[in-house]
Amino acid sequence: MSLTPASAIASILASFNKRNVGDLRRINDECIEEYAITEGQVYLELSILSYSFAKIVGKPRYWDSPKRMNYMKKMSSSIAELSIELRSIPDDIAAKKIVSILKSVEHLDQSDQRYVRSLEAKARLKIASILYAKGLSLSKAVEMTGADKRDLMEFSGATTMFDRASTGRKFTERLKDARKIFT
Amino acid sequence: MQEKFLPNFHPDSLVCDSSSLISLAESCFVKVFYMLADHSKGRFLLPSGVEYECISYPLQSKNHALSAVRLKRAVNDGKFSVVDTGQLQHLTDEIRNAGNSVFLLRGHPLKIIQQGECEMLALAHAAGLRYCLIDERTTRMLVEDPKGVKEHLAAEFHTRIDLDHRALFTFQQYTKGIAFIRSCELVARAYELGYFENYGEIKNSAFEAAMNKVKISGCSIMSQEVDDYVRYMTKKQ
């Protein structure tokens, strides 16, 4: 049975409140898969959200002050409200509402930013890498996520994705062609 | 059949996808194009979309301007020919639509390729050219081994994937006969032609390092393939 935005956000909320990184990653995988199949924008936003939360939940610095804890509680409330709304609103409106929650996540990330690349940018790159590994083309993965193609190639090149599938013709045949072209 | 608005390109010309330009530029191997251009009667052809993606657009960015500058210089030095593919939009769309109808998941087409890669295929088809340079995996495998792509998708999506034979036939009408090489083949051929001679007794190490670098930069080559390549090439030298 395919994933719905409502079920995804409910799972994200439960996992966020329990600080369960493993479950957030699993939900992230499911959202990415659904996005690859349907290209529904709401699934991209849910993928970014679940990825971001997995990163936040796993880092003590986001929970180490009353101010940040308060912020987390507000975020949890926002998601809880959204979880109820999602049962009755169309997916495109749902996507916009998730984007507004993501802005809060970005705000939290920027308050103690450690890397040049923002959490959202990292999420998009990671999602693009997974889409490419699953079998979508490089340009398709870039188009669907807004990731940079060079960044994606470098990211994917550092993984084992090319070892997990056939690369077609033997290299000796390709080299024969190269020799015909460049004499 | 050669499209009338296109110039006549030598049959050894190589239509380039952005993925290979990126791998080689990011690995600091743009000079490989310089060397190989002198060893071919054909040209390195850049569809206009590839030129924009690899040169014009990133020139405006801090992060990737350097590789764009290197490629721009190669264009200015005559090592690449940029081909205006504006009139190929309809053909590009046909190839993309066919390619995106080949695989069905839950009865719906799974869209796996995009304008960029299809523009390269469209130019090769329209110009009657056989050779394409691409490091990206999916497009290449869709042409070379569509059943393999189907199996891969089924494994990755954990579900049955159906193949639309009519869509595949249409796609293959545009792509049959196209032979793909990757940036690693360019590096290997350059090695054979003496590109690494300046390294003297460590030229084999240089070649191995170069092959690993293009792999890490995104060329779709298996780790085992790199090892096999190095063994094969360095044994012959």
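In strand 7 of chain B, which residue is the bridge partner of B:Phe103?

A: The bridge partner of B:Phe103 in strand 7 of chain B is B:Leu163. The model is predicted: local features need pLDDT of at least 70, side-chain atom pairs count only at pLDDT 80 or more, and totals for chains, interfaces and linings use all residues. Residues are numbered from 1 along each chain as its sequence is written, while chains are lettered from A and ligands numbered from 1 in the order in which they are written.

The bridge belongs to the pairing of strand 4 (residues 103-105) with strand 7 of chain B, which is antiparallel and has two bridges. Strands here are DSSP runs of E with at least two residues, helices are runs of H or I with at least four residues, and both are numbered from the N terminus. Pairing requires that DSSP finds at least two bridges between the strands. The sheet that holds this pair is open, with three strands of chain B in the order 5-4-7 and antiparallel pairing. Strand 5 (108-109) and strand 7 (162-163) are its edges; each has a single partner strand, so one side of each lacks a neighbour in the sheet.

B:Val102 is in the loop that links helix 5 (89-99) to strand 4 of chain B. B:Val102 is buried, with 26 other C-beta atoms within 10 Å. A residue counts as buried when 20 or more other C-beta atoms, placed from the backbone, lie within 10 Å of its own, as exposed when there are 12 or fewer, and as partly exposed in between. Leaving out residues up to four places away in sequence, B:Val102 touches B:Pro146, B:Leu163, B:Asp164, B:Ala167, B:Leu168 and B:Phe171. A contact is counted when the C-beta atoms of two residues, placed from the backbone, lie within 7 Å.

Helix 2 of chain B covers residues 30-37, and its buried residues are B:Val30, B:Val32, B:Phe33 and B:Leu36. These residues lie on the same side of helix 2 because they cover an arc of only 150 degrees around the axis, the arc being that of the directions from the helix axis to the C-beta atoms. Among the elements that cover them are helix 1, strand 2 (44-47), helix 4 (65-76) and helix 10 of chain B.

Two of these covering elements can be followed further. Helix 1 of chain B has nine of its nine residues buried, so it is largely enclosed by the rest of the structure. After helix 1 comes B:Cys28, with a positive phi near 65 degrees. Strand 2 of chain B has B:Phe44 and B:Leu46 pointing one way and B:Leu45 and B:Pro47 the other, all of them buried. Strand 2 pairs with strand 1 (residues 14-16) in the parallel sense over two bridges, and B:Leu45 is the partner of B:Val15. Strand 2 also runs parallel to strand 3 (residues 80-83), to which four bridges join it; there B:Leu45 has B:Ser81 as its bridge partner.

At the level of domains, chain B is divided into domain 1 (14-181) and domain 2 (183-236), with bounds from an automatic or database domain assignment. Their centres, taken over C-alpha atoms, are 23 Å apart. Contacts between them involve 16 residues of domain 1 and 15 residues of domain 2. On the domain 1 side, helix 1 and helix 2 each supply at least two residues, and helix 1 gives the largest share, six residues.

Between the chains, 56 residues of chain B are in contact with 34 residues of chain A. Helix 1, helix 11 and helix 12 (223-236) are among the elements of chain B that each supply at least two residues to its side. In chain A, helix 8 (residues 149-157) is mostly covered, with seven of its nine residues buried. Its cover includes helix 6 (119-134) and helix 7 (138-145) of chain A together with helix 1 (18-26) and helix 11 (203-216) of chain B.
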